[in-house]
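Hi,

Here is the structure I said I would pass on.

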Amino acid sequence: MATLAPKAERTGSDGAAQQRSLFAVPSMHCAGCIGKIERGLKDVDGIAAARVNFSAKQVVIDHDRSLNDHDLQQVIARIGFAAEPLTDLATDMDGEESRKLLRALAVAGFAAMNVMLLSVSIWSGAGGATRQLFHWLSALIAIPAIAYSGQTFFLSAWTALRHGRTNMDVPISIGVLLTTGMSLFETVSGGHNAWFDGAIMLLFFLLAGRWLDAAMRSKARDGVTALLKQTAPGALVVGANGATQWVKAAMLQPGDIILVATGERLAADGKVVAGSGAVDNAFLTGESAPQPVSLDEMVHAGALNMGDPITVRVTAAGAQTLIADISRMMDAASQNKSRYVRIADRAARLYAPAVHTLAALAFAGWWLAGAGVHQALLIATAVLLITCPCALGLAVPASQIVACGALMRRGVLVRDGSALERLSEATIAIFDKTGTLTLGRPDVSGLELLAPRDRAIVRALAGASRHPLSIAIHRALQEEDLPPVSLNDVTEMPGMGINATADGKPVSLCRPTEVPAHFASASEYRGPDGQSILLGFEDRLRPDAFEAVAQVKALGLKAMVASGDRPQALQPVAKAVDLPATGGMLPQEKLALIQQLQDSGEKVLMVGDGLNDGPALAAGHVSMAPSSASDVSQLTADAVFMGDGLMPVPAAIGTARRTMAVIRQNFALAVGYNVLAVPLAIAGLVTPLIAAIAMSLSSLIVVGNALRLRSTAK
């Protein structure tokens, strides 16, 4: 995870200065945890607001400056959760949690397989000394595995109980420990039954569901990290005596004079004070063509200098830069998704007390009926095991992982399983233009009007420039069998074109005075004989763009285009796909549009590819990006689709809706299982082993139902 401006100054409603602090709280596991943390923090004097980001397992606290990180950490600890303050350094707490769960899952799975092999022999009729030996071998395998693999549940349950609360891990831990303890007692006393297999299987299925959830959530904030990597790590600062010194970006101050070489990214925002050139502002505007800059023009951190070296006076650095603002918008927007937690977690407040009550009533009822403590305890343990929420816990992640696999075969990579829920709810789709509705690869026309010698000159001129349009021209001509051309006196004026001499005569590729409306952009070739040929560039639509948009509409979604491109270049594309469009939009304007739509009750699907689309992708109810998108867009989007086609977008929507239908079926199966199984357990008709097997079978039924989704995205 990357964190941004963890302690930002702001002014409260009473005019007093406040701070905003960010904490990681990795022990949050359910919706009940969210409520406990938010309510507990808001009751503390000096804390104005607290908001939990469940997907990132973080809490943002607005507080008076009289409270420091240590104070807040202690407050969260008193509520019952371990917390760590987050700094500007990137951390990987979600990734570490996923790896820890995977290790525990592997240990539980290995132990379960071996214990089950021993149990098969016992079930087959082994008795006497052989049965006792197998019980002891099962104990030697299962007890260490349970102690290691169950830590996630045991520590969470202990923390909850120590602070006077409960969660889903409490009945799980009690059931596992009771089953293990009673199995060990039976083994030591020479009893006929032991249920080590049930306890370890229980942990295996529970860990499987929790790992699936954690593995997908660990990627939730990668987009912010990728965006921050766009900035340079530092810059050459010019001192008063003219000497230069390399300074880290975090140490730059407003007023510093920095040198930005050709091909270097800016480390801070500022104004050009010397030189002129061209910068690639794709992360801000989405335009791939470099934009010319000259004296007194603003340039921003993260922009790539494509022209001559420039000198810049810093106006904003570090957390105050525009790219940091965009990152904060992405971070804040992503927190709006925290309310879309797993449906299973929404039942957390009711599950634990209900299970405890049922088990306690079963124990008390049988004990009072004269069954004895041992028999009553067995029945209570069976109730705890048979009501274990394995099927409930797997209902969502199992369906999500199968659907994600099916979509992957269709070329759609889903980064966050919960995105399927949000994708199924989408009511309006907003498409970016360049690289989304179009391929993002400009095709040049007009070369056919040139004679072979002029084509060779154009190829040589284009090969001497790094401008995207020159690259497109060179790509179009590089396979042709043209004679080499020697250019002399080559000069490139950033944003204006490239000039040279060929055969002693001036030649150039330059920006025309006017770009025809039907071209996205254009370049003018001026040959040695004074002829002038206009080379036009068009960004072709994706081959199935019209059909894909039509299917999105057929699924009941409204649709529109929102782009940072010029309206003249945007309108032909919008007309081709029959969508209303708005052009010339900055990132904050796209973000405002999405927020306005969502305030009016719409669920926005944002489909974009540029660095400038990062905040919009994060703010949307759900988002998708093509594989050709920038790293930031791919990491921010909930799903990435491969290839040149746009049909994966409606395919993903359809699959998401079918996935939600299967999830609802899974919950019905899980609830139905409990309705049938719990009375049997309370009636004493179920042993702990049968309870564990029944619980496992209910989980397998849920997984089997989820596997039907494998064919839905074909």
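This is a predicted model: local features need pLDDT of at least 70, side-chain atom pairs count only at pLDDT 80 or more; totals for chains, interfaces and linings use all residues.

Let me start on the surface. Leu140 has a relative accessibility of 59%, so this leucine counts as exposed. Leu140 sits in helix α4, which covers residues 128–149. Together with Leu133 and Leu137, Leu140 makes up a nonpolar patch on the surface, and the three share about 280 Å² of accessible area.

Next, the salt bridges. How many salt bridges does the structure hold? There are nine, and I'll walk you through some of them.

Take Arg455 and Glu480, whose side chains meet with an N to O distance of 2.3 Å. Arg455 counts as buried because its relative accessibility is 14%. Glu480, at 27%, counts as partly exposed.

Asp578 and Lys553 also form a salt bridge, at 3.7 Å from N to O. This pair links distant parts of the chain, 25 residues apart: Asp578 is in the loop between α19 (567–577) and β24 (581–582), and Lys553 is in helix α18 (residues 545–554). Lys553 is partly exposed, with 34% relative accessible area.

Then there is Lys558 with Glu602, where the closest N and O atoms are 2.2 Å apart. Again distant parts of the chain are linked, here 44 residues apart: Lys558 is in strand β23 (residues 558–562), and Glu602 is in the loop between α20 (587–599) and β25 (604–607). Is Lys558 buried or partly exposed? With a relative accessible area of 45%, Lys558 is partly exposed, whereas Glu602 counts as buried at 16%.

In α18, the buried residues are Ala545, Ala548, Val549 and Val552. They span an arc of only 95° around the axis, so they sit on the same side of α18. Phe546 and Ala554 are exposed on the other side of that helix. What do the buried residues of α18 pack against? Their partners are β16 (428–431), α15 (433–437), β22 (532–541), α19 and α23 (648–682). After α18 comes Gly556, which has a positive phi near 95°.

The other helix is α17, where Leu469, Ser470, Ala472, Ile473 and Leu477 are buried. Looking down the axis of α17, you find the buried residues within an arc of 160°, which means they line one face of the helix. The elements covering them include β17 (438–445), α16, β20 (505–510), β21 (521–526) and β22.

Now for the inside. The largest nonpolar core has 42 residues, and those touching the most other members are Val412, Phe431, Leu437, Leu605, Met624, Leu646 and Val649. Helix α13 (residues 390–409) gives this core its largest share, six residues. Setting aside neighbours within four places in sequence, Val649 is in contact with Val552, Leu605, Met624 and Phe641. A further core of 41 residues lies apart from that one, and its members include Leu105, Ile172, Val176 and Met695.

Val702 is another residue to look up, in helix α24 (residues 688–706). Val702 counts as buried because its relative accessibility is 1%. Not counting residues up to four places away in sequence, Val702 touches Ala391, Leu394, Ala395 and Asn666. The C-alpha atoms of Val702 and Leu669 are 7.0 Å apart, although 33 residues separate the two along the chain.

Last, a couple of backbone details. Asp489 is not a glycine, yet its phi is positive, about 50°. Asp489 is placed in strand β18 and is exposed, with a relative accessible area of 60%. Asp503, also not a glycine, has a positive phi of about 60°. You'll find Asp503 in the loop between β19 (497–502) and β20, where this residue counts as exposed at 56% relative accessibility.

Enjoy exploring!

Notes
Residues are numbered from 1 along each chain as its sequence is written. Side-chain values use heavy atoms; hydrogens and water are left out. Patches are made of residues with over 30% relative accessible area and no salt bridge: like charges are joined within 9 Å, nonpolar side chains (Val, Leu, Ile, Met, Phe, Trp, Tyr) within 5 Å. Accessible areas come from the Shrake-Rupley method with a 1.4 Å probe; for residues, only the protein chains shown count as cover. A salt bridge is a side-chain nitrogen of Lys or Arg within 4 Å of a carboxyl oxygen of Asp or Glu. Helices (H or I, at least four residues) and strands (E, at least two) are DSSP runs, numbered from the N terminus. Buried means under 20% relative accessible area, exposed over 50%, partly exposed in between (1.4 Å probe, protein chains only). The arc is that of the directions from the helix axis to the C-beta atoms. Contact means heavy atoms within 4.5 Å. A nonpolar core is a set of buried Ala, Val, Leu, Ile, Met, Phe, Trp, Tyr and Cys residues joined through side-chain atoms within 4.5 Å.
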